Amino acid sequence: MASRTAFRACPLCEARCGLTLTLEDGVVTHVRGDEDDPLSRGFLCPEGASFGRLDADPDRLDGPLRRDGAGHAATSWDDAFAVVGRELRGIMDRHGADAVAVYLGGPVAHGVAGPLYGYPLIKALGTRNVYSASTVDQMPKHVSAGQMFGDPTAVPVPDLDRTHHLLMFGANPAVSNGGLCSAPDFPGRLNAIRERGGTVVVVDPRRTRTAELAGEHVFLRPGSDAFLLAALVQVLFAEDLVALTADEAERLCGLDDVRAFVRDLTPERVADVTGVPAARTRALARDLAAAPSAAVYGRMGTTAQAYGTLASWLVDVLNILTGNLDRPGGVLFPRAAHAPAYRRRRPFAPGRWHSRVRNLPEVMGELPLATLADEIETPGEGQVRALITIGGNPASSAPNAARLDAALAGLDFMVSVDPYLNETTRHADVVLPPPRPSRTPHYDLALPGFTVRNHVRYSPPATPPDRPSEAAIIGRLAVLASGLPGTADDLDEMVIMDTLRKAVAAPGSPVEGRDPDELRKLLADGGPAPLTEQRLDLMLRLGPYGDGFGTDPDGLTLPRLRDHHPHGLDLGPLEPRLDEVLCTASGRIELCPPAFAADTHRLRAALDAERPEFTLIGRRLRSNSSWLHNVPELVGGSGTRTVQLHPGDADRLGVAAGEAVRVTGRTGTVEAPAEPTAAIMPGVVSVNVDHVTDDLDLDPLSGNAVLNGVPVRVERAG
Ligand SMILES: Nc1nc2c(c(=O)[nH]1)N[C@H]1C(S)=C(S)[C@@H](COP(=O)(O)OP(=O)(O)OC[C@H]3O[C@@H](n4cnc5c(=O)[nH]c(N)nc54)[C@H](O)[C@@H]3O)O[C@H]1N2
Ligand SMILES: Nc1nc2c(c(=O)[nH]1)N[C@H]1C(S)=C(S)[C@@H](COP(=O)(O)OP(=O)(O)OC[C@H]3O[C@@H](n4cnc5c(=O)[nH]c(N)nc54)[C@H](O)[C@@H]3O)O[C@H]1N2
Ligand code: SF4
Ligand SMILES: [Mo]
């Protein structure tokens, strides 16, 4: 049997390690780490090694399904699309554009099809009911970046490979492999910091595997990061540790406002609410200031909580005040090969519209997932009657998922682009399954902006797709939603010409003043490529490393990348580029955005508020999210459900290890065996599968759900 080799990025987590696949008759028979991959250099974790099994998962749908009574039956692609077109247009005509909602899940953001075709779909629908996994994850960081730097996608990323000091809040990359800081072998890179004499400190209510790796761990009460961070800022001011050069000070505004805000938030004042002794807080601030270079990093524990935006903001205030923003060894803005430097962005402005039922502000074109059930259940003009889900499982991932699950059953029509039948897609009238990963092209569109090293990679499908590509599926949905005749290719053509016309008109673009039609012909030069590739080619050629359509003959094009660099290209360590990124209205870094200053009052009010007896924090399974249940490597080990609690709390409640405890929140109850452990703070419980998150509890600035620090009652069961 002829065997072939192909390269592609592992789709399982944000690290996106390079894989070398061996294929026989279109089946992946072997997986190795790709030693020539610019990011992962051969690293592969056990999950990644199971790619073949994930690819061949027998539960993957073979073709489209159509609801048939209570169940689903196979149908043809033509029939499936015909039903979708008819139903969607019917609902839009009868009830208006907002009657159709869209939900985009995690995996879409990391692929090619979601970023390239999701936006045209939303535009074609014209709906304001757009939801995504962002509002159960990292939206606060986008709001923070948007207000401070003008661009919500300009998230500063720790320079993991050069920093001397990493201070991590609410991140467990030893298990998660990292998020908004993509780095294959994150644990290895943490070890390397220590090996070169640096320090890693983890602030977390639980002593995680990452905390053990780090060596230094600080217990902190769930949801109190903003207080601790404010106290660290306070110490920097009070002890004259702010290290801004004259140039740096010139580039920002709001310094005095921040100083005023933290003035009384001394380590002593916040110690009770954070649980961190004042002396420890002072030492943290001094160590941060003294380090030759340092990076402060916050992840899920800081974003999916009640003060998500304030905490995300203060993380970067610390980076800025210690002189570590935009500087090697500190935090920097990665440069993506497909993001044109000449494009002028308008400053971030959230709240352009509000949700109908709860009046929650739009952020980055999205409404909070926590209010989707309200919009479906509440009658009236603008009620959501149809839903398109793409690569998401909100019936399981949304806060108060049980309520959304029930709401989905009441929709007039639902279509899901998803390879599986699961909690969410079982409600769909039509399921459109994309091809398996080995039959899908890969280009890193969203994640290079959050990766610790600049790079570019493209892999065409290792085996030709056996059905419409995911790009073609979503493109087709967009065309159907528009109600216009045409194909997904016509849509691509429109996007390409539109981009070219803007590029030739943009001052400073590499194609300024040229003829868009002439440029269009150059794109086709790579051969009869699918238009998705031509769109990527277009983006690369206009990008910072691109050939500028001949301006730089040695520059990048997609054919060059595809044919000469199958492993991808290393574009070097992160470089200072604040000038390219900054696009606030003031032209400066907004150190104390007015919206944030206003929200500090809510924070202050919580300073002396009564604390719940117990709060709940999440704990990730080894398995990534909900769709890997058929891969044994991904579900064993830490997959058993337990309630972790402090031994003192266990004693007080009279529960021994293994005895059932009941954890009750406003929206539900979990019962599981107790796992007393000194690795968790008193007053905190952690459950690895939870159904008690609350859809009414939000970070108001971002609309992000509160998944950490949920007030709960804990008792002995039975
Ligand atoms: N194995 C596995 N890996 C995954 C995933 C998975 O499901 N399984 N999911 C992927 C996804 S979608 C994401 S977004 C990333 C997330 O990546 P991470 O954010 O690194 O992962 P989490 O496990 O959510 O880590 C959050 C940490 O915050 C702590 N924490 C909880 N509340 C607080 C708090 O109030 N303050 C502080 N300081 N800490 C707190 C928790 O104890 C936990 O250790 O992981 C990705 N990787
Ligand atoms: N209680 C609680 N809730 C949480 C979290 C938590 O820690 N605790 N974590 C939150 C976080 S960080 C996130 S990111 C969200 C995740 O929220 P979601 O993205 O909604 O949930 P996932 O379980 O990741 O669902 C992924 C879906 O994508 C499908 N899929 C897999 N591959 C492909 C593909 O190639 N194409 C398409 N179209 N679909 C594909 C899967 O079948 C599955 O239906 O959940 C959030 N919700
Ligand atoms: S770390 Fe993530 S991307 Fe790398 S092999 Fe493991 S699962 Fe795949
Ligand atoms: Mo996530």
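Predicted model: local features only at pLDDT ≥ 70, side-chain atom pairs only at ≥ 80, totals over all residues.
The crossing of helices H10 and H16 is left-handed. Two packed helices are described by the angle between their axes and the distance between the axes. For H10, spanning residues 225-238, and H16, spanning residues 308-321, the angle is about 25° and the axes lie 9 Å apart. Angles under 35 degrees count as roughly parallel, and H10 and H16 are therefore roughly parallel to each other.

The contact between these helices can be followed residue by residue. H10 contributes Asp 225, Ala 226, Leu 229, Ala 230, Leu 232, Val 233, Leu 236 and Phe 237, which meet Leu 310, Ala 311, Leu 314, Val 315, Val 317, Leu 318 and Leu 321 of H16. Sorted by class, the contact of H10 with H16 comprises 14 nonpolar residues, one charged residue and no polar ones.

The next element to consider is a sheet. Strands of a sheet pair through backbone hydrogen bonds, either parallel or antiparallel. Here four strands are arranged in the order E11-E10-E9-E13, forming an open sheet with parallel pairing. Its edges are E11 (215-218) and E13 (295-298), each of which pairs on one side only. On average, and with direction ignored, neighbouring strands of this sheet are turned by 20° against each other. Within the sheet, E9 (residues 165-169) and E10 (residues 199-203) are joined in the parallel sense by five bridges, and Phe 169 stands opposite Val 203 in E10. Helix H8, residues 186-195, lies across E9, E10, E11 and E13 and runs at about 125° to E10.

Strand E25 (residues 660-664) pairs with strand E26 (residues 669-676) in the antiparallel sense over five bridges. The two form a hairpin, with four residues between them, and Val 663 of the pair stands opposite Val 670 in E26. E25 is also joined to strand E30 (residues 710-716) by four bridges, again with the strands running antiparallel. In that pairing, the bridge partner of Arg 662 is Glu 715 in E30.

The residues around ligand 3 are Cys 10, Leu 12, Cys 13, Ala 15, Arg 16, Cys 17, Leu 44, Cys 45, Glu 47, Gly 48 and Asn 177. By class, this shell divides into seven nonpolar, two polar and two charged residues.

Methods:
Residues numbered from 1 in each chain as written. Chains lettered and ligands numbered in written order. Heavy atoms only, no water. Near = heavy atom within 4 Å. Nonpolar A, V, L, I, M, F, W, Y, C, P; charged D, E, K, R; others polar. Axes fitted to C-alpha atoms, helices over the stretch in contact; angles between N-to-C directions. Parallel < 35°, antiparallel > 145°, perpendicular 65-115°, else oblique. Left-handed = near helix turned anticlockwise from the far one by under 90°. Contact = heavy atoms within 4.5 Å. Pairing = 2+ DSSP bridges.
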